[in-house]
Amino acid sequence: MPDKKHIIIYSHGFGVRKDDLGLLTDIAEALSGVESVLFDYYEVNEIENTITICPISAQIERLNEIVSEVRQSNPEAIIDLIGHSQGTIIVALAKPEGIRKAIFISTIFDMGLERTLERYKLKLDVEINLDGISKIPSSTGLTKIIPAQYWQERIAVKPFAEYNAFAKKVDTAIINANQDQLLPKVDLKELSPKIKVLQLDGNHNFDGEDRRRLIEVVKEEIKL
């Protein structure tokens, strides 16, 4: 009897495309024998060089649509999820059915606005309007267009509760970066003991040589 088909669906982070600045495509290319499904949460306007951030609820809906489509097309397949940064909390919120394993990389534990707004407050080209449209230029050359609904939904999210609820249904591992330049260190005492936590050297995107070790650990957790 042939082995079951193995599919991994990837959930990218905030303000980037589906490749997640090359992180997710590098992981996908390294996992031989596995079908990879990468998709975009956000709409990109190439003419105006903008990327429009949709609300959290729309991202949840999009992920569940992708998982449902993959499941319907491959009813016997093993389906895993890999999320990075804010893409991790979207997975936890979506709680899609039929997932065997989830790996969360550079996991988000704080969805409050203080840390994000502090990062941008001294930049003259940033427009933050929590009641309207915010515009935040990025190093990718795309300006992030952010509606008020995104901020409103974001602050309502309780990450620990969502991860713990998700882990009741899905085998879950978290891989956090020791030198994460974007996320502060967080006390994980509220995290369910069902969730495996690994700490690896690397920055938020595990750039450079650190990415090789990250990929090795992902393979070990996926059991490849």
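**Note on aromatic pairing in a predicted model**

1. F166 is buried, with a relative accessible area of 1%, where buried means under 20% relative accessible area, exposed over 50% and partly exposed in between, for a 1.4 Å probe and protein chains only. This is a predicted model, in which local features need pLDDT of at least 70 and side-chain atom pairs count only at pLDDT 80 or more, while totals for chains, interfaces and linings use all residues. Residues are numbered from 1 along each chain as its sequence is written, and side-chain values use heavy atoms, with hydrogens and water left out.

2. Rings of Phe, Tyr and Trp (its six-membered ring) pair if their centres lie within 6.5 Å, and planes under 30 degrees apart count as stacked, over 60 as edge-to-face and the rest as tilted; by this rule the count comes to 8 aromatic pairs. The rings of F14 and Y150 have centres 5.4 Å apart and planes at 25°, so this pair is stacked. F14 sits in the loop between β1 (6-11) and α1 (23-30), whereas Y150 belongs to helix α5 (residues 148-154), 136 residues apart; helices (H or I, at least four residues) and strands (E, at least two) are DSSP runs, numbered from the N terminus. Both F14 and Y150 are buried.

3. F104 and F166 form a tilted aromatic pair, with 5.7 Å from centre to centre and 35° between the planes. Because F104 lies in strand β6 (residues 101-105) and F166 in helix α6 (residues 159-167), the pair ties together parts that are 62 residues apart in sequence. F104 also counts as buried, at 1% relative accessibility.

4. One aromatic cluster is formed by F104, F109, F160, Y163 and F166.
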